[in-house]
Amino acid sequence: MPFWPQRKRNRRERDFDEEINCHLRMAVRDRMERGESIQDARAGARQEFGNVGLIKDVTREIWGWGSVERLLQDVRYAGRLLRKSPGFAAVAILSIALGVGANTAIFSLIDAVLLKSLPVRNPNELAAVGDPSRTGGVSSGGGRVDMFSYPFFLRFKAQNQAFSDVYATGRSEHLDVLLPNGTAATSNAGPSARFVTGNYFSVLGVPAILGRPFTEEEVRVPGTAPAVVISFGYWERQFGRDPNVIGQKLIVNGSKFTVIGVTPPDFSGDIVGRPTDIWFPITMQAQANPGHDYLKQAGVSWLLIMGRLKPGVPLAQASAETQVLGRQFFAELNKNDSTAEELQALLKKKIEVTPGAKGFSRLRHDFSRPLLTLMCIVGVVLLICCANVANLQLARAASRGREMGLRLAVGAGTMRLVRQLLTESLLLSIAGGVVGLFFAFWGCRLLLQLVSADNHVSLDVHLDAAILLFTIATAVLAGLLFGFAPALQTRRLDLVSSLKESKSGQFQGFAPRFGRALIVCQIVFSLLLLVGAGLFIRTLQNLERVDVGYTRTGLVVARVDPISGGYADKDVNALIRRLLGKLETLPGVESVSVSENGLFSGTYSSSNIDVEGYVPHTLADKSNDSDRVGPHYFETVGTPVIVGRGIESQDAENGAKVAVINEKMARFYFPNENPVGRHLFDGEGAKRFAITIVGVVGDAKQSQLRLPAPRRYYTPIQQHSPDDPVAILNFEIRTRGLPSSAVLKELRPAIKSVNANLPILDTNTADDLIGQDLDQEKLVARLSGFFGLLALALSGIGLYGVMSYLTVRRRTEIGIRMALGARRWTVIGMVLRETFRLVAAGIAIGLVLSQAAAAILEKSLFGLSAFDPLTVTLAVLVIILAAVMATYLPAWRASRIDPMIALRYE
Amino acid sequence: MSTHRMPSEKYQNRIELLQGTLDMLILQTLQWGPQHGYGIANAIRCNSGDLLRVETGSLYPALHRLEKQGWLKSEWKQTEAGQRAKFYRVTPAGKKQLVSERDRWAQLVGAIAGVLNPATSEE
C-alpha cells in the first residue's frame, strides 16, 4: 500500500518481532542451561512471555500509529463486508448517489448563479452603480437610477471621488457578422456583443491571451477605433482557435472592424448567464449599430457602470456621493423637458452602489428564489435517502447481531464496534458521493437545458473546488446521519442474549421501533415534496392557461429592427406596407398586423398622459402603458373590441390622431360614461396635442403573466412623429389551415425577399414567447415533480425493506396464527394494518408540516392557495397507493408461510 | 478466532497498577548500563530477590512508551553471548525523570509509613 505510515509501521513491526524473538531465544537458552529439554524450554519461554499478539497490540497503540492502522483495518474490513453483500451495497450506494448527486447538481447551479465571483483581479473591490440585476435595455426619457447615459458616465467618471476608476458597458443591438472568409457567422441570434469604455479590461484586470485589450486613448474620439476584442469561446467557435486571428477584419452590420485581442478562456464578460462574444469600443456604437447613436443623448439610459472603490471607501459613502452627482445631472437634464412632479419623482429615487464581485445578472434576481426552493427540496430528498440507507443498515445490523456479539465477546470494545459501523457507513457514503458526482455532472447539463431550451441562458458550470467540497461535505454528513442509527443500536447490545439467539442470526436486541420511526419520517418528507410538487405543477398549469386577452394558439410573430436596417423615420411606413403585403400572401396566413412592442418580447412603453375631465392625484395616476399598432391589430391577435372601433386602415399618416384604450383604462378614467369621443393629451407645452378615443378593447397581457394587465392605450403605428420613431416592428400573423410551425418557417425567407439587409431579431409562435416567460416556473415544477417521484420511490423501497424484515421476524407468530386457523386474507390484512399505522402517522405529521411550509411557498404560487385541497388530496392518495404497492409483496409472502415450517424453525 | 485471548480490559487494569513503579524500576536498572528487555526483566527479578516478576506484557509496552517519551534510547547490539539484541539506555532526560520519580516514591513511602504508624508520627 503506497501509504507512508503503513511502510513505517511495517518497519517497526519487523523490528518488534525481532525484539520479541531475541527475548524468547535468550529465555530458551537460559532454561536449557538450567537443564530443561529444548521442547520444554521453548514451551516454558512462550508461556512465560504470554500472549504475543496481545502484547503487540498494546505496544502498537503506544507507537501512536494505532489509530491510522485501525482505520485502515476498519476500512478493509468494511470493504470485505460490503463485497460480501453486493445487493445491499449497490442499493445503498445508489440511494446516496441520487441524494448527493441531486444536491450537487442544484448546488453547482446556485454556485454559478448566486455565489461565484467574476474571474477577474480582486473581484471584491468591484462595486456596481445602479441595479446589478439589469443587464441590458435602452430607455429614453428623463433618466433612470438603474441604467445611465454616456454623458452621465463621462461626468461621473470625472467627478466622483469614491472610485479609483469606473467603466461603462451597454448592450448592442442585433449584429449581422461576416467573417473574414466571407461566410456569415453561424447562429440565428447573432453574437452577443457589448459596447465598453476603453478602461473596461484594465479596470477588471483581464489581460488578452492573444493581441491586446483596448486602450483608453483609442476609445476616446467617436468613430475612430474600428477594433474589437473577442472572447475565447467566439474565437473557438468562429475561428477554430486560429492564432492568426489578430488583425483580421469582421464586417459587422456593414462596417469593418479589426480583431485586436482575445480574452482568456474563463472570462466571458461581466454579465452572468449571458456570455459576451464581442466587445466594441463604446465610441463605435454608431458604426456597429447604425441608427442607434446614444453617445450624445443624455436622456437615453442604456449603460451599466462598474468600478473599483478606492481603498477604505465604504459602499454607503460611494452611494451617497453618487446620489449627489446623479441629482445634479437629472436636474439639468430635465430642466426643459418634464414637469416638476416627474423630476421630483426621479430625484426621490436612490442610486445604489452595491458589491460588484459577482457581476451583473438578471438570473441572480430571477432564479435565486427558485434555486433556493430547489435546494430545500433536494435537501429533503437527501434526508429520505439517508433514512433509506439507515433502514437497510438496521435490517442488516439485525442479522449481524451474532457477529457483533462475538466480537464483543473476544474483547472488542463497544466504541470499536461503533467506530467500525461508522467506518462502513462513511465508506458507503463516499462511494455514493463519487457516483453522485457523475449523476450531478450529467444532471447539470439536463438542468441547464431545462432552464432554457433555446439556450438564451448560458452558465459556466463545471466542477471546481467549491462544488467538490460541497459534495464531500454532503456525503460525509449523510454517512454520519445514516450511520448513526445502527451504531447507536450497537450500544444496546446485550452480549449473552445475542449469542444465545438461535434463529440464523436474527437478533432481538435491535428494536424495530427505530426502523418504524424512519419510515414515518420518510412518509412525512415524501408528502411534503409531493404537496410542494403538486402546488408548483398546478401553478405552472394555471399560468399556462391564464387568459392573456388574445388567442395565443395559431399566432406567430416576426420581429425586425427597421432602424438598424437603415430605415429612417419616414421610410418605416413604406416598409410596414410592403411587409404586410408580402406576409399576407403566404400560405396558411389568415391575417397580418403589426405592433411596436409585440407580445412578451421584453419591450414595453409607458407614458404620462392627461385625460379629459380627470384630475390626477399622483404621477402614477397619469402613467399608462402604450403601444402602437397597425390596422386590424385587434382582429388579428383576437382581442375583442368592446365599444367603438379598433385601429383601421383609415388611421394612416395623415389621418386624425386617434387612440383605442383598454377596458381597465376605461374603467379607471371613465367609470360611468362612454369614453368614445373623449380626449387624451400627450406631450408638454407647445408640443401638447389631443388624441380622440375611438374605441375600447379587452385587457391584454404583453408581459408578466402573473400580474393583471395594466391600463394601456393603443395609437396607430403609422402616426409616429420624428421625435418618437418606431424602434422595432413586430408582425403578428394569424394562421389558418396550416400548423404554426409551417408558417413560421416561411417568415424569414419572405422578409429577406423584401429586404435582405433588414435584421430579423426573432420569429416565434406566441405560445413559445409566452412560454419563455415561465422559465422559472417550468424549472421548479418539473424538478420538484421529478424529485417528488424520486422521493416516493425511495420511500417505497424503504417501506418494502422494513415490512419484509418485520414479517420475517414475525414468521413464527404468523405460523402459529395460521396453525390456529387464520386465513390468508387475515394475515395480509394484519401486515397491511401495520403499514397503515405508519403511513397514517406519517401523513398526519406531514399534513401539519406541509401547511406550515406551504405558507412560505404562497408567494411562488399562482391561481391557487397553498392549502389547495385538490393537491393535498392527490398527494395523500399517491402516498397511500405507493404504500400499498410497497407492502403488498411482503404481505403476500407472509400469507404463504407454511405453519409447519415456521414452527419447526424455532 | 483464538479462544485463549483475554478480554483487554482486565489486562489493562494490571498495567495501570504497575505503571508508575515499573517505569522507575526500568530507569533505575538501566543506570548501570545499556540492557535489553530480557536482561531488564531478569535484573529486576534478581535485585528484588525474586519477589518482583515483571510480565513481558507490561515490560515491552513500558519500554516503548519510555522511548517514545524520550527517556530511553535503543539500538541493536551484540550480547556477550554473541546474539543480536535491542539494547536500551537512559537519556539525560530519563535520568532527571528517575530522580523525580524516586523523590515521589520516597514521599509515597513516607506518607504510607505515616498512615500505617500514626502513633510514631504523633510522638
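The model is predicted: local features need pLDDT of at least 70 and side-chain atom pairs pLDDT 80 or more, while totals for chains, interfaces and linings use all residues. Residues are numbered from 1 along each chain as its sequence is written, and chains are lettered from A and ligands numbered from 1 in the order in which they are written.

Select chain B. Five helices and three strands are there, in the order α-β-α-α-β-β-α-α; helices (H or I, at least four residues) and strands (E, at least two) are DSSP runs numbered from the N terminus. Of its 123 residues, 28% are buried (20 or more other C-beta atoms within 10 Å of the residue's own, C-beta atoms being placed from the backbone).

Next, select residues 37-47 and 56-68 of chain B, helices α2 and α3. Their axes (lines fitted to C-alpha atoms over the stretch in contact, with angles from 0 to 180 degrees between N-to-C directions) come within 11 Å and cross at roughly 120 degrees. Gly37(B), Ile40(B) and Ala41(B) of α2(B) meet Thr56(B), Leu59(B), Tyr60(B) and Leu63(B) of α3(B), in contact when C-beta atoms placed from the backbone lie within 7 Å.

Now go to chain A and select residues 572-584 and 740-754, helices α18 and α21. They pack at about 140 degrees, with axes 10 Å apart, and are therefore also oblique. On α18(A), show Arg578(A), Leu579(A), Lys582(A) and Leu583(A); on α21(A), show Ala750(A), Ile751(A), Ser753(A) and Val754(A).

Terms used. Buried ≥ 20, exposed ≤ 12 C-beta atoms within 10 Å, placed from the backbone. Contact = placed C-beta atoms within 7 Å. Parallel < 35°, antiparallel > 145°, perpendicular 65-115°, else oblique.
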